[in-house]
Amino acid sequence: MKPYTALTPRGRILRLRKLALQALEHYPIDVARVRFLAEESTTMFRVDAVDRSKYVLRIYSEADSSLAENKTEMYWLAALARDTDLRTIRPVARNDGDHLSLVRHAGIPGEKRCALYHWIPGTTLSEHVTVANYRKLGALMAGLHKHAASLQLPDTISPKRWNKTFYFPGETAVYNQPEYSHLYTPAQIKIIDRAVQTSDAHLASLYQRDEPTHLLHGDLHYWNVHIHRGKLYALDFEDMLLGYPEHDIAISLYYLRDEPRYSELATAFQEGYAEINKYPQLPDEKLHPLWLARMTNFVNYAATAFDDDDAAREYIAARCEEIEKYLK
């Protein structure tokens, strides 16, 4: 059998499909068809059941989440399904009641973490960026926060905190490493060095205040929300973290920062949020440092995220110019 690392992208997907079929044996559904759906931070397969119900099987990446984080995700999603009518992705319990499957398959290194979710209809909110929909998104986030604030976490749950620039498990600074020197100029490295120093200090300071933290989605932007018949559904909880509402709000608004209608959309988001939960004081001087931290994280991640060096250099150059503006 050819080593997994020697396979073409299509070959890896075909082999992962076999692992997906193996994982599906643990769930109470009669599988009719399994098709590759997408490969992003995780690999996803669409699953069609004999009774015509639809699901998504997700195979998690070791580089983007940990088992502890996946357990946190399943815990909160199960609690949301039990306690609220909020529209979120819903995990399917295995035959033994658990929500995670740990699967080994010949020809695939290590143990893979898998989860099965009910299919979410609609298209991404990125295709429907309107004032009305951003009011709904604010209300959806506020509902998530309100539930999380009342949730007592068991000792077995250990979410990460956004208390430093590179806050994902095992994440390190690579922008200044020799093997990536062809992507970053010396001037860009100096800019990023300043940004990391500034962001690390700011992020750490947020957790020093005497206020309780709670679970946050951690990545609720317009690609992680579906809209169907005018209703919003929150997807992709794998980046969950423990923090304050402003963390989540800053991440959502970050993706609107270049929108000509930014002020109108952000106001609608705030109004929707305030209908459900108290909106934090978040003027630009509090919002922009969080944008800077996220931007700095991404400009480091670009070294390994792009397949094309020219595309990576173009992205890095644009972000470094933006970082400089936020540092002034």
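Reader: Which residues are buried in H1?

Author: The model is a predicted one. Helix H1 covers residues 9–24, and its end C-alpha atoms are 22 Å apart, in agreement with the 22 Å that its 16 residues should span at 1.5 Å a residue. Its buried residues pack against strands, among them strand S1 (31–39) and strand S5 (108–118). The buried residues of H1 are Gly11, Ile13, Arg15, Leu16, Leu19, Ala20, Ala23 and Leu24.

Reader: How many degrees of arc do the buried residues of H4 cover around the axis?

Author: Helix H4 buries Gln188, Ile191, Ile192, Ala195, Val196, Ser199, Leu203 and Leu206. In an α-helix, residues three or four places apart point the same way, because there are 3.6 residues a turn.

Reader: Which exposed residues does H4 carry on the face turned away from its buried side?

Author: The buried residues of H4 pack against helix H5 (245–254), helix H7 (284–305) and helix H8 (309–327). On the face turned away from that buried side, the exposed residues are Pro186, Lys190, Gln197 and Ala201.

Reader: How are H2 and H3 oriented, roughly parallel or roughly perpendicular?

Author: The axes of helix H2 (residues 67–83) and helix H3 (residues 131–149) come within 11 Å and cross at roughly 100 degrees. Angles of 65 to 115 degrees count as roughly perpendicular. Therefore the orientation of H2 to H3 is roughly perpendicular.

Reader: Which residues of H2 and H3 make the contact?

Author: The residues of this contact divide into 5 nonpolar, 1 polar and 1 charged. From H2 come Trp76, Ala79, Leu80 and Asp83, and from H3 come Leu144, His147 and Ala148.

Note on methods: Residues are numbered from 1 along each chain as its sequence is written. This is a predicted model: local features need pLDDT of at least 70, side-chain atom pairs count only at pLDDT 80 or more; totals for chains, interfaces and linings use all residues. Side-chain values use heavy atoms; hydrogens and water are left out. Buried means under 20% relative accessible area, exposed over 50%, partly exposed in between (1.4 Å probe, protein chains only). Helices (H or I, at least four residues) and strands (E, at least two) are DSSP runs, numbered from the N terminus. Contact means heavy atoms within 4.5 Å. The expected span of a helix is 1.5 Å times one less than its number of residues. Axes are lines fitted to C-alpha atoms, for helices over the stretch in contact, and angles run from 0 to 180 degrees between N-to-C directions. Angles under 35 degrees count as roughly parallel, over 145 as roughly antiparallel, 65 to 115 as roughly perpendicular and the rest as oblique. Ala, Val, Leu, Ile, Met, Phe, Trp, Tyr, Cys and Pro count as nonpolar, Asp, Glu, Lys and Arg as charged, and the others, Gly among them, as polar.
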